[in-house]
Amino acid sequence: MLHAEYHRLACDLLHALPGLSVAGIHLPVPVEDETIRDEFAFVVLSDGSVGPFYFSLGTLPGELWRMVPDPSRPDPSIRSLVDGFLGGQEAPKALAMGAFNALSRSLMRRAGYRPDGPAGTDGPAPGDTVGMVGYFGPLVERFTARGVNVRVLELAPERIPEGPGIETAADAGGLCGCDTILCTASTLINDTLDDIIGGVGDAGRIELIGPSGSGLPDIVFARGVAGVGGVAFDDVTRLLSRVNAGEGWGDAGRKYRIPGDGYPGFPALCARAALTEDRLRPGARDPGK
């Protein structure tokens, strides 16, 4: 259901943004042991828009390296990537999410929409309990250092260190007592977000975070999610130089949060983008004059 909705919205984006093509699919450099990595890959479009997606998910690395043997010379069209939402395999779905995020970035740029709110991860007070779907190490360290308790639901629980203020949850129901729930956006790729929302029972406490959530948030906001954090890349050359060298790329991106109660929505962004393009056409008259 979730992926069918993303496919429909991605097709609407393709209709609103004709003429784009895939400029590159950039995967992390292989290493001997992938089990401890937290890496992302990127779909780049011909207008420089970047769509990040989570790479270190189960068997994804090997599958993606086989599917994209030469990332700098991608064969697929954007439509073929988007159609990956409809299949049963995880690797095409991951690429589809990357394409969706890149198309979303293109529309937001054309519409002049620049979300730059706080990431939504700094609010918990000492004594609060924050739930996490996915283990975010730096956040856990930051929270526990100031007396915030953390309860983590993680597919690979061996990644969670033992320590004061850190608990584990066996399923989404174990997060019900948490004040806020930070949910990895990789749940959009493996199609588990609806299970998390169903298990928690109150989507209004869920903040979706991570680069995989950098696309239009209409679908998750319709499910009651409180906010979505993502990352935008304004300098694609800087990003790709880091990725292709196997270096950290955090300084190449701009983190942001879109609140559920302040987002204009896909139709409004399309209208803004169309108005902007009309104003940029040679000889166009500024309707404000």
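Before you click, some ground rules: this is a predicted model, where local features need pLDDT of at least 70 and side-chain atom pairs count only at pLDDT 80 or more, while totals for chains, interfaces and linings use all residues. Residues are numbered from 1 along each chain as its sequence is written, and side-chain values use heavy atoms, with hydrogens and water left out.

**Stop one: the whole thing**

Show the cartoon. You're looking at nine helices and ten strands (DSSP runs numbered from the N terminus: H or I of at least four residues for helices, E of at least two for strands). Of the protein's 289 residues, 51% count as buried; here buried means under 20% relative accessible area, exposed means over 50%, and partly exposed is in between, using a 1.4 Å probe and protein chains only.

**Stop two: charged pairs**

Side chains of opposite charge can pair when their charged atoms come close. How many salt bridges does the structure hold? There are 13, each one a side-chain nitrogen of Lys or Arg within 4 Å of a carboxyl oxygen of Asp or Glu.

Start by selecting Arg79 and Asp83. Their side chains meet in a salt bridge, 2.9 Å from N to O. Arg79 is partly exposed at 43% relative accessible area, and Asp83 is partly exposed too, at 31%.

**Stop three: across the chain**

Now pick Asp234 and Arg114, a salt bridge whose closest N and O atoms are 3.6 Å apart. This pair links distant parts of the chain, 120 residues apart: Asp234 sits in the loop between strand S9 (227–232) and helix H8 (236–244), and Arg114 in the loop between helix H4 (90–111) and strand S4 (129–133). Asp234 counts as exposed at 54% relative accessibility, while Arg114 is partly exposed at 48%.

**Stop four: strand to strand**

Select Arg151 and Glu167, whose side chains form a salt bridge of 3.0 Å, N to O. Arg151 belongs to strand S5 (residues 149–153) and Glu167 to strand S6 (residues 166–168), 16 residues apart. Is Arg151 buried or exposed? Arg151 counts as buried, at 18% relative accessibility, whereas Glu167 is partly exposed at 39%.

**Last stop: a network**

Finish with Glu5, Asp194 and Arg223, which salt bridges with shared partners join into one network.
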